Amino acid sequence: MSKLERVIYTSFDDNTPHWKNVEESVRDWAKRCDAELVNLPKPVGYQPQWVIFDAFKDSVERNVQAAWIDCDILVQRSAPNIFDAIPDHFYFCQPDPARRIHPRMKRNWRRYGLTNPRPYLVSALAMWSPRHVHGMIEWFDKEWRRFHRKDGDQELLTVAVFETETHCAFFPDQWHKMSKWIGKKTPFMHAAGKRKGRKLRRFKAIENREGGG
């Protein structure tokens with residue numbers, strides 16, 4: 001079987017000024033992964049955060065091995081080639097800390113018919129091949145109207161993997177961290193939440209101090 005081409009998806013526009021603080025690091029990382037970096041437009045007609053489902057569709061149409069990275073993640077120079085470092089499975093991140101569940105899912109998991117609010121999937125960094133996401137695409141096309149616009153993509157993904165019986169795994173725990181859990185060896189440094197500019201300045205100081213690994 002021939003090797004699939006590789007695409008890394010993200011989504012940013014003029015309303016995401018923090019992208020300029022991470023752009024160089026993300027583009028350099030994509031080159032190290034031998035992958036095309038694709039910026040997807042914000043969806044029209046449903047919640048902009050749900051754009052990762054557009055990435056699933058696009059990857060199937062292109063027939064590529066794919067990854068997703070949020071546009072507020074600073075990638076250290078020590079970051080691994082995501083496609084070669086681990087086996088070809090469907091990956092997401094764990095929450096920080098791992099026991100954390102988003103408050104909306106804490107309130108709504110019974111509403112969505114889940115037997116348990118775990119595992120809660122963090123989509124800041126994800127990886128998949130086309131065979132992993134056919135069921136997720138079909139599910140989204142049929143089910144997205146069930147959800148409130150306040151629901152993030154992670155709430156939809158958590159329900160989707162349950163209802164489609166899709167198997168997924170977590171990246172190595174040390175790869176991705178948010179804010180106060182970030183350390184000098186964190187390759188994917190995520191400025192989630194508010195005050196992104198201040199967080200990214202701190203991340204860059206960590207990276208420069210450590211020489212990128």
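In the predicted model, V75 stands opposite F188 in β9. Residues are numbered from 1 along each chain as its sequence is written, and side-chain values use heavy atoms, with hydrogens and water left out. Because the model is predicted, local features need pLDDT of at least 70 and side-chain atom pairs count only at pLDDT 80 or more, whereas totals for chains, interfaces and linings use all residues.

Strand β4 and strand β9 (residues 188-190) run antiparallel and are joined by 3 bridges; two strands pair if DSSP finds at least two bridges between them. Helices (H or I, at least four residues) and strands (E, at least two) are DSSP runs, numbered from the N terminus. The open sheet comprises 3 strands in the order β4-β9-β8, with mixed pairing. β4 (73-75) and β8 (176-178) each have a single partner strand and stand at the edges, so one side of each is left without a neighbour in the sheet. From one strand to the next, the twist averages 20°. Helix α1 (residues 19-32) lies across β4 and β9 and runs at about 50° to β4; axes are lines fitted to C-alpha atoms, for helices over the stretch in contact, and angles run from 0 to 180 degrees between N-to-C directions.

Helix α6 (residues 153-163) is mostly covered, with 9 of its 11 residues buried (under 20% relative accessible area; exposed is over 50% and partly exposed in between, with a 1.4 Å probe and protein chains only). Among the buried residues of α6 are L156, L157, V159 and V161. The buried residues of this helix pack against α2 (51-62), β5 (91-93), α4 (103-108), β6 (122-128) and α5 (130-143). Just after α6, E165 takes a positive phi of about 55°.

Leaving aside neighbours within four places in sequence, F56 is in contact (heavy atoms within 4.5 Å) with F90, W128, V133, M136, I137 and L157.

The structure holds 19 aromatic pairs. Rings of Phe, Tyr and Trp (its six-membered ring) pair if their centres lie within 6.5 Å; planes under 30 degrees apart count as stacked, over 60 as edge-to-face and the rest as tilted. W50 and F140 form an edge-to-face pair, at 6.3 Å centre to centre and 85° between the planes. W50 lies in the loop between β2 (36-39) and α2 and F140 in helix α5, so this pair ties together parts that are 90 residues apart in sequence. A further edge-to-face pair, F56 and W128, has 4.8 Å centre to centre and 90° between the planes. Since F56 lies in helix α2 and W128 in strand β6, the pair ties together parts that are 72 residues apart in sequence.

Most residues other than glycine have a negative phi, and most peptide bonds are trans. The peptide bond from D96 to P97 is cis, with omega near -10°, and P97 lies in the loop between β5 and α4. A cis peptide bond also joins R118 and P119, with omega about 0°; P119 is placed in the loop between α4 and β6. S179, in the loop between β8 and β9, has a positive phi near 45° and counts as buried at 15% relative accessibility. R195, in the loop between β9 and α7 (196-210), has a positive phi near 55° and counts as exposed at 59% relative accessibility.
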